[in-house]
Every structure is written in structure tokens, then in C-alpha cells.
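Please follow the structure shown below alongside the text.

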Amino acid sequence: MRIAICDDEKFYRDKIKKYLEKYINLYPEISITEFDCGEDLIKAYDSEEEFDFIFLDIQMKDRDGVQTAQEIRVRDKHTIIFFITSYVNFVSDAFRVGAFQFLIKPINENDFRKDFDRAIEQHRINHYKYIVKYKDSTTKLEIKDIIYIEAFNRHLFIFDGINRYECVGKLKDEEKKLSFYGFARCHQGFLVNMGYIKLIN
């Protein structure tokens, strides 16, 4: 699990790293990268780095946390963002860019752990493997990458925006399996990932 901490105050970067020590013992694959400004975090994404979790201070010099998050969302729609701030008046702006949680300074360790435990569970859901078997081939897809599933003539067609995978099955069975992961039946023949819905009319 790749974690970015972006805060222009070293004190809070160190505090979050300290709170994450327990998780590093549980999950040795955790790696932490520190940034002291939003520009450097965006540059990391432009260099093809990606993060599963981002702790992002809202009030920073030059580019603030909300502006940074807006840029990140263009590049990564699925990373879990924690906003850090001393003020609650940024809450509405933060949630417009898909914030997972708001951490108010000074950050309480018990609250941090409760929220990060929830984030890990969300991460597991996002990275659940969906297995597509057809004839002699087996493909594993991450749930978050599936845009929709179409049913036609006893076959299912799974679209991830790049590829189209085929298997034999019933859409109602997939609906039961995937409803927990944010999929909804919008039509007799389509099951859609609600995370990709931009407009309903």
C-alpha cells in the first residue's frame, strides 16, 4: 500500500508517520512518501507514481489542498484522500473532490486509527478481484476498473474502458455479487459501476 503525506508542516508529517507505525508492522508492503507542497505531489503523479492513500493538508502555500486534490482526481479517481486542516469551513469543498475523511488538527490518534481502519477496508473493496472465465482463458480484473457489464444472449460482456471480456452467465447473479461494491442495475441488460456515473436524467 502506497501512502503519500503532503503537509508543509513537518510536525504533522511526523505525527501521521508515527500513527502509521502500527500499520507498517501489520502490512509490511506499506511505503510512505512525504511532500511539503501540492506541486511536488502532482509532479509525482506526472512521473507515473500513484498512491493508494493521500493525507493532504488543505492550507499550504501556493497551491492549497483542495486545488491539489482537483488535479489529482484528473489523474487518479480512486485514491483515498484524507484532508487535514485546522478549520471546518473547507468541508464542502473537500467533499466535492471525493474526500474520504476530514482530520482536524490536532489529530487525535484514536480517531485516526478508526478512520484509517475504514480506509483500509475501502481499499480492499476497491481492489477486490473479479474473475472472468471463458473457454480456456481466465482474467482477473479489479472491481474499480469495471465500468459496466452487459448481458446479451446468455453471455456477459465486461467493459473496463479499454478491453471487452466475455463469459457465460446471468446478470442477476452478478448483480447479487456486485451490489456491495457499488454496482446498480439501470436496465434489464446492464449493470453499471456507480462510481463512473456523471449524470442521471
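In this predicted model, the charged end of K105 sits over the ring of Y12, at 4.3 Å from the ring centre.

Contacts between rings form the next topic. A pair of aromatic rings is described by the distance of the centres and the angle of the planes. The structure holds 15 aromatic pairs. One of these joins F35 and F51, whose ring centres are 5.9 Å apart and whose planes stand at 85°, an edge-to-face arrangement. F35 belongs to strand β2 (residues 31–35), whereas F51 lies in the loop between α2 (38–46) and β3 (53–57); the pair therefore ties together parts that are 16 residues apart in sequence. F35 and F51 are both buried.

A further pair is formed by Y148 and F190. Their ring centres are 5.9 Å apart, but the planes meet at 55°, so this pair is tilted; the edge-to-face class requires an angle over 60 degrees. Because Y148 lies in strand β8 (residues 148–152) and F190 in strand β12 (residues 190–193), the contact ties together parts that are 42 residues apart in sequence. Y148 is partly exposed, with a relative accessible area of 27%, and F190 is likewise partly exposed, at 26%. Elsewhere, ring pairs link Y19, Y23, F53, F55, F82, F100, F112 and F116 into a cluster.

The cysteines may be considered next. How many disulfides does the count come to? The count is 0. A disulfide would require two cysteine sulfur atoms within 2.5 Å. The cysteine sulfur closest to that of C37 belongs to C6 and is 6.5 Å away, which is too far for a bond. C37 is buried, with a relative accessible area of 18%. C186 is in no disulfide either, since the nearest cysteine sulfur, that of C167, is 18 Å away. With a relative accessible area of 54%, C186 is exposed.

The strands are arranged in sheets. Strands of a sheet pair through backbone hydrogen bonds, either parallel or antiparallel.

Another open sheet of 5 strands has the order β10-β9-β8-β12-β11, and its pairing is antiparallel. The edge strands here are β10 (164–168) and β11 (183–187), each pairing on one side only. Neighbouring strands of this sheet are turned against each other by 25° on average, direction ignored. Strands β11 and β12 pair in the antiparallel sense over 4 bridges, and R185 stands opposite L191 in β12. Helix α6 (residues 171–178) lies across β8, β9 (155–159), β11 and β12, and runs at about 20° to β12. The tilted ring pair of Y148 and F190 joins strands β8 and β12 of this sheet.

Definitions and conventions:
Residues are numbered from 1 along each chain as its sequence is written. This is a predicted model: local features need pLDDT of at least 70, side-chain atom pairs count only at pLDDT 80 or more; totals for chains, interfaces and linings use all residues. Side-chain values use heavy atoms; hydrogens and water are left out. Rings of Phe, Tyr and Trp (its six-membered ring) pair if their centres lie within 6.5 Å; planes under 30 degrees apart count as stacked, over 60 as edge-to-face and the rest as tilted. Helices (H or I, at least four residues) and strands (E, at least two) are DSSP runs, numbered from the N terminus. Buried means under 20% relative accessible area, exposed over 50%, partly exposed in between (1.4 Å probe, protein chains only). A charge sits over a ring if NZ of Lys or CZ of Arg is within 6 Å of the ring centre and within 35 degrees of the ring normal. Two strands pair if DSSP finds at least two bridges between them. Axes are lines fitted to C-alpha atoms, for helices over the stretch in contact, and angles run from 0 to 180 degrees between N-to-C directions. Contact means heavy atoms within 4.5 Å.
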